[in-house]
Amino acid sequence: MQLHWSPKSPYVRKVMVCALELGVADRLTRVRSVAAMLRPNPDIMRDNPLSKIPTLVLDDGMRLFDSVVICEYLNDLAEGSLFPTRGQAKWDALRWHALGDGMLDALILWRNERERTDAQRLEALVDAFSLKFANTLAVLEAEAPALAAAPLSIGTITVGCMLGYADFRFDAEAWRTRAPALADWYATLAARPSFQATSPDLDLK
Ligand SMILES: N[C@@H](CCC(=O)N[C@@H](CS)C(=O)NCC(=O)O)C(=O)O
């Protein structure tokens, strides 16, 4: 299987963390692919019309995207338990996934906006992203005991990848000072070999 991959993408990281946790990472051949919103990449678009990574190309020719679809595919392949199928664990995992992924989408747009010139930047948009981040941290801080008690899932992994991206691109936001219990939970998660091996701070090739 070929994975359109880049070392700094938090969505790719989500897939790689799942693959490592499920023991199937060695079945993925990583293809270094540059995805940029303003420069659609024809090599990626052959496999994904949206020109986004991660995109997975299976040996039988099937193409899978986006990240959560790939993660669920890998989970099925490995008969894993990262997608709980019923009860509270299922809804917690899906909701945390939605919150982590939605916040990631906002952080990426926030970063794009931040990099515009003062004249181009829409301050109201920056303020909206900042408010959403503060609210997300407040909700996750209140839920830190539940996160700590929950099994590893697509939800906890995605929240972890979002916090890792916040560390990587939004260091100045100092999220730990606003969410200390969440920071404690994240420290344990981030110490797992799957998170260590996929850190955006590494010079992965
Ligand atoms: N919802 C998608 C988001 C993927 C995504 O936006 N990836 C970024 C890289 S971090 C990308 O490919 N950006 C290129 C673009 O938006 O055209 C997923 O979960 O896979």
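A helix axis here is a line fitted to C-alpha atoms over the stretch in contact, and angles run from 0 to 180 degrees between N-to-C directions. In this predicted model, the axes of helix α1 and helix α4 (residues 87–114) come within 11 Å and cross at roughly 150°. Angles over 145 degrees count as roughly antiparallel, so α1 and α4 are roughly antiparallel to each other.

**Where α1 meets α4**
- From α1, the residues P10, Y11 and K14 make the contact.
- From α4, the partners are H97, D101, L104, D105 and I108.
- By class, this contact has four nonpolar, one polar and three charged residues.

**Length and ends of α1**
- Helix α1 covers residues 10–22.
- S9 caps the N-terminal end of α1.
- A side-chain oxygen of S9 lies 3.3 Å from the backbone nitrogen of Y11.
- G23 follows α1, and its phi is positive, near 75°.

**Burial of α1**
- Buried means under 20% relative accessible area.
- Because 11 of its 13 residues are buried, α1 is largely enclosed by the rest of the structure.
- Among the buried residues are Y11, V12, V15, M16 and L22.
- The charged residues R13 and K14 are buried too.

**A148, in another helix**
- A148 lies in helix α6 (residues 144–149).
- Its relative accessibility is 56%, so A148 counts as exposed.
- A148 and T177 are 29 residues apart in sequence.
- In space, A148 and T177 are 19 Å apart, C-alpha to C-alpha.

Technical notes: Residues are numbered from 1 along each chain as its sequence is written. This is a predicted model: local features need pLDDT of at least 70, side-chain atom pairs count only at pLDDT 80 or more; totals for chains, interfaces and linings use all residues. Side-chain values use heavy atoms; hydrogens and water are left out. Helices (H or I, at least four residues) and strands (E, at least two) are DSSP runs, numbered from the N terminus. Buried means under 20% relative accessible area, exposed over 50%, partly exposed in between (1.4 Å probe, protein chains only). The expected span of a helix is 1.5 Å times one less than its number of residues. A polar contact is a pair of N or O atoms within 3.5 Å; within protein, one must be able to donate a hydrogen and the other to accept it, and residues adjacent in sequence count only if both atoms are side-chain atoms. Angles under 35 degrees count as roughly parallel, over 145 as roughly antiparallel, 65 to 115 as roughly perpendicular and the rest as oblique. Contact means heavy atoms within 4.5 Å.
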